[in-house]
Amino acid sequence: MSRIGNKVITLPAGVSVSVADDNVVSVKGPKGTLTQAVDSDITVEVEGSEVKVTRPTEQKRHKALHGLYRSLLNNMVIGVGEGYKRELEIIGVGYKASSANNVLELQLGYSHNIFMAIPEEIKVATTSEKGQNPKVILEGIDKELIGAVAAKIKSLRKVEPYKGKGIRFVGEVVRRKAGKSASKK
């Protein structure tokens, strides 16, 4: 029994879904278009403003694919309708971020600046207000791509547990370690 796969995807206004003969689903909305190839065993049916994903048998593989493709299609519907946004904050003395022409420049305490080309599908913006940590804001319609780019940026300077310096998501809680205690006399 797949709890996620059995849920029906409701389409918001302005979003349309079409299924090709080779089981390629394309979702079109006000923000753009996304396509996803679906396994041949899984069937996708569009009925008015609802999308149903069904599986042929109760095999473990079919159950796994059922929930997977339902989630992927739901993420596509949300992406073309509303879009996704990921915010990262950079914590550390002298750490800076700037962006121009979809190229992100980071100063993270290394001997050199890091230049990272961001895919065209994602819009990148940086903010650095006085008294606050610099932020990198990623916006786009593809949840998977935004997550991959955010993870790559985060891996450039992982958060260390003693002072909490590094790149983290806004609102992420980092477990801190106590460090060395003072010597006893």
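The structure holds zero aromatic pairs, where rings of Phe, Tyr and Trp (its six-membered ring) would pair with centres within 6.5 Å, counting as stacked with planes under 30 degrees apart, edge-to-face over 60 and tilted for the rest. This is a predicted model, in which local features need pLDDT of at least 70 and side-chain atom pairs count only at pLDDT 80 or more, while totals for chains, interfaces and linings use all residues. Residues are numbered from 1 along each chain as its sequence is written, and side-chain values use heavy atoms, with hydrogens and water left out.

**Four-stranded sheet**

- An open sheet is built from four strands in the order β11-β12-β7-β13, with antiparallel pairing; strands (E, at least two residues) and helices (H or I, at least four) are DSSP runs numbered from the N terminus, and two strands pair if DSSP finds at least two bridges between them.
- Its edge strands, each pairing on one side only, are β11 (123-127) and β13 (166-169).
- From one strand to the next, the twist averages 20°, with axes being lines fitted to C-alpha atoms (for helices over the stretch in contact) and angles running from 0 to 180 degrees between N-to-C directions.
- Five bridges connect β11 with β12 (residues 135-140) in the antiparallel sense, and Ala125 has Ile137 in β12 as its bridge partner.
- Helix α2 (residues 143-155) packs on this sheet and touches β7 (84-91), β12 and β13, contact being heavy atoms within 4.5 Å.
- The direction of α2 makes about 160° with that of β12.
- The antiparallel pairing of β7 with β12 extends over six bridges, and Arg86 stands opposite Leu138 in β12.
- β7 is also joined to β13 by four bridges, again antiparallel; Ile91 has Gly166 in β13 as its bridge partner.

**Charges over rings**

- The charged end of Arg86 lies over the ring of Phe169, 4.0 Å from its centre; the criterion is NZ of Lys or CZ of Arg within 6 Å of the ring centre and within 35 degrees of the ring normal.
- Arg157 places its charged end over the ring of Tyr110, 4.3 Å from its centre.

**Three-stranded sheet**

- Three strands form another open, antiparallel sheet in the order β1-β6-β5.
- The edge strands here are β1 (9-10) and β5 (43-47), each pairing on one side only.
- β1 and β6 (residues 50-54) run antiparallel and are joined by two bridges, with Thr10 opposite Glu50 in β6.

**Largest pocket**

- The largest pocket has a volume of about 190 Å³, the space filled by probe spheres set on grid points joined across faces, edges and corners.
- A pocket is an open set of points on a 1 Å grid over the protein atoms alone, where a 1.4 Å probe fits, with protein on both sides within 12 Å along at least five of seven lines; lining residues have an atom within 4 Å of a point.
- Residues lining the largest pocket include Leu34, Gln36, Leu72, Met76, Ile141 and Glu144.
- The elements giving two or more residues to this lining are β4 (32-37), α1 (60-81) and α2.
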